[in-house]
Amino acid sequence: MRAILLLVIAFCLTTWLEPWFQRWKGDRSGDVITVALGDSRKLFARHFYVKADAYFHNGYYPTIYDVKAGGELHMAAAAGSGTHEDHVKEMDFLGQPKDWIDWFGRHFYPSEHTHLGEEECEHCKHGDDHAEHAEQTEGLEREMLPWFKLAATLDPEQPETYVVASFWLSRKLGKINEAEQFLREGLRANPGNFEILFELGRIANEHRKDTTRARNLWVLALENFHKADQSVQDSELLLHCGLLSSLAKLEQEQDNKAEAIRYFTELKKYSPFKDQVQAWIDYLK
Amino acid sequence: MSTAQSIYPPVQAIAAVVIRELYRRKDFYVLFVLTALITLVLGSVNFFSEEKVVRYLKEICLFLIWVSSIVIAITTAARQIPAERENRTLFPLLAKPVTRNHVVLGKFLGCWYASGLCLFVFYLFFAVISGAREHAWPIAHYFQGFMLHWFLLGVVTALALLGSIVFAAPSSNNTITLVVVTGILLLAGHLNKMALNLSEPMHTLVYAIYYALPHLEFFDMRELIIHSRPTVPWLIWLAALLYATVYAAIFLSATCFLFRKKAIN
């Protein structure tokens, strides 16, 4: 009897709620995550993106109480620039143990700086080299992938997530199709983004050997870069140089010397290695 | 030896009643089903056609196990003595050749064994799930992790029992113990860094708290398990178990002392 009563109440409630929802003028454009989390999803997305970097360091990562130099995350720096020595110095956030509790506690969490694939197993500690370990550590970069996916789902307007994920997918895991698909998802969320276009061009050139497509993508990326704000252009100088040098090299390989010289000449304005760039221009001339 | 022989039977009998109570209650079953369900659903997600991705799953599963085990340990321990008083079963219990110390020890051992039993099921599930995915069975890691976790639950159980004597209602005891345990787990290891930035007398005060608090974070080797880091050196591991035993003994002694002083009617 009670079940029937509940069923009737539920049915009545539905007949009232459904027309009300259809008439409701509130924002129903966003998905469930956007509606539920609002702008806080960006904070969570950043957290998960950083989590991927923590995984890259096998859990050896500073907490909010540890002093860590700011700047680019190492997993992202691996896709760009930055020396290994600087990174080792930067990641020595633990320092010497401050007291016996600190010393004792360090045995229970990762307190040695390693990267994915550099883990030591019990055999390695005894200096033995063995194929089994090499097999196990191969392709461990995959462990970062869930966090990239989650970060991109929560904040699709962050192009860095797509570019860094694509770097690991294509270069370390050999998943070219997945990398390209993920970048295209990123491009849909960030139309005309020059970082994503540059990465798509790199995949077309390096993995697909499709130079025409790579050129088109890079030229579009360069055009969009020039359309961006001056502040954005100043902050993305490295990417600008990367775009110009990639285009120049591509044109050089295709025997379009005039175009190659044009890109090298533009690159010379921004590159810190002006002499080397000039030497290339002289060589091409 | 004769003292131990006289203490053990009543303590064991009380502990057995607590374990039987856990079988009847639904807490463990609900939490286990929830943990298993969430883990299995997340395990079925496909990330870029990579089937061997496992660390995220280990992290989420271990997190759920930690939350569930702490909730089970606190709620089981916190209701023991108040329930005996409320149901007026404490009087007939103490009328037998059972002292108040026997009651406290029996309740503690019962809750600790019961938590251990639940924890064993949780870790078995975790080992099966990660082993099926990873094709690796780091038994030493799991053994160390399980034992450290179980001893941590011993400290938490003793703390909750102490709370059940100090606080009026089990609900307030549950909340306060949960907040204290979570606070210690998150903050205790960082108090020394905070103290360094403070001026006197706060510097000394924070450092004193840092040394006095039970460092429950010692028993959390989840990161080592997740990232397949080498195991904890065995002597250090034994020292951590000893550390937990000392703190559990301190809390139990305080519970026995307060319970002896307390009027039970």
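In which loop of chain B is B:R88 found? The legends below, which describe a predicted model, begin with that residue and then turn to other close-up views.

**View 1. Two residues with positive phi, B:R88 and A:K209.** B:R88 is found in the loop between α3 and α4 (90-95) of chain B, and its phi is near 60°, a positive value in a residue other than glycine. B:R88 is exposed, with 10 other C-beta atoms within 10 Å. In chain A, the loop between α12 (194-206) and α13 (211-227) holds A:K209, which has a positive phi of about 55° although it is not a glycine. A:K209 is likewise exposed, with 9 other C-beta atoms within 10 Å. Most residues other than glycine have a negative phi.

**View 2. A cis peptide bond in chain B, from B:E200 to B:P201.** The omega of this bond is near 5°, and B:P201 has its place in the loop between α8 (191-196) and α9 (202-212) of chain B. Most peptide bonds are trans.

**View 3. The largest nonpolar core, with B:V155 and B:V156.** Of the 113 residues in this core, B:V155 and B:V156 are the ones that touch the most other members. Helix α5 (residues 100-134) of chain B contributes the largest share of the core, 13 residues. Leaving aside residues up to four places away in sequence, B:V155 touches B:P214, B:L216, B:A244, B:Y247, B:A248 and B:F251.

**View 4. The contact of chain A with chain B.** Chain A gives 27 residues to this contact, and chain B gives 27 residues. On the side of chain A that touches chain B, the elements giving two or more residues are α6 (100-105), α7 (122-125) and α9 (145-154) of chain A, and α6(A) gives the most, with 4 residues. The residues on this side of chain A divide into 10 nonpolar, 5 polar and 12 charged.

**View 5. The surroundings of helix α9(A).** Because 9 of the 10 residues of α9(A) are buried, this helix is largely enclosed by the rest of the structure. The buried residues, among them A:W147 and A:F148, pack against α2 (32-37), α3 (40-56) and α10 (159-172) of chain A together with α3 (55-86) of chain B.

**View 6. Helices α15 (residues 237-253) and α16 (residues 257-270) of chain A.** The axes of these helices come within 8 Å and cross at roughly 160°, which makes α15(A) roughly antiparallel to α16(A). The contact includes A:L244 and A:A248 of α15(A) and A:Y263 and A:F264 of α16(A), and its residues divide into 10 nonpolar, 3 polar and 3 charged.

Technical notes: Residues numbered from 1 in each chain as written. Chains lettered and ligands numbered in written order. Predicted model: local features only at pLDDT ≥ 70, side-chain atom pairs only at ≥ 80, totals over all residues. Core = buried A, V, L, I, M, F, W, Y, C linked by C-beta atoms within 7 Å. Buried ≥ 20, exposed ≤ 12 C-beta atoms within 10 Å, placed from the backbone. Contact = placed C-beta atoms within 7 Å. Nonpolar A, V, L, I, M, F, W, Y, C, P; charged D, E, K, R; others polar. Axes fitted to C-alpha atoms, helices over the stretch in contact; angles between N-to-C directions. Parallel < 35°, antiparallel > 145°, perpendicular 65-115°, else oblique.
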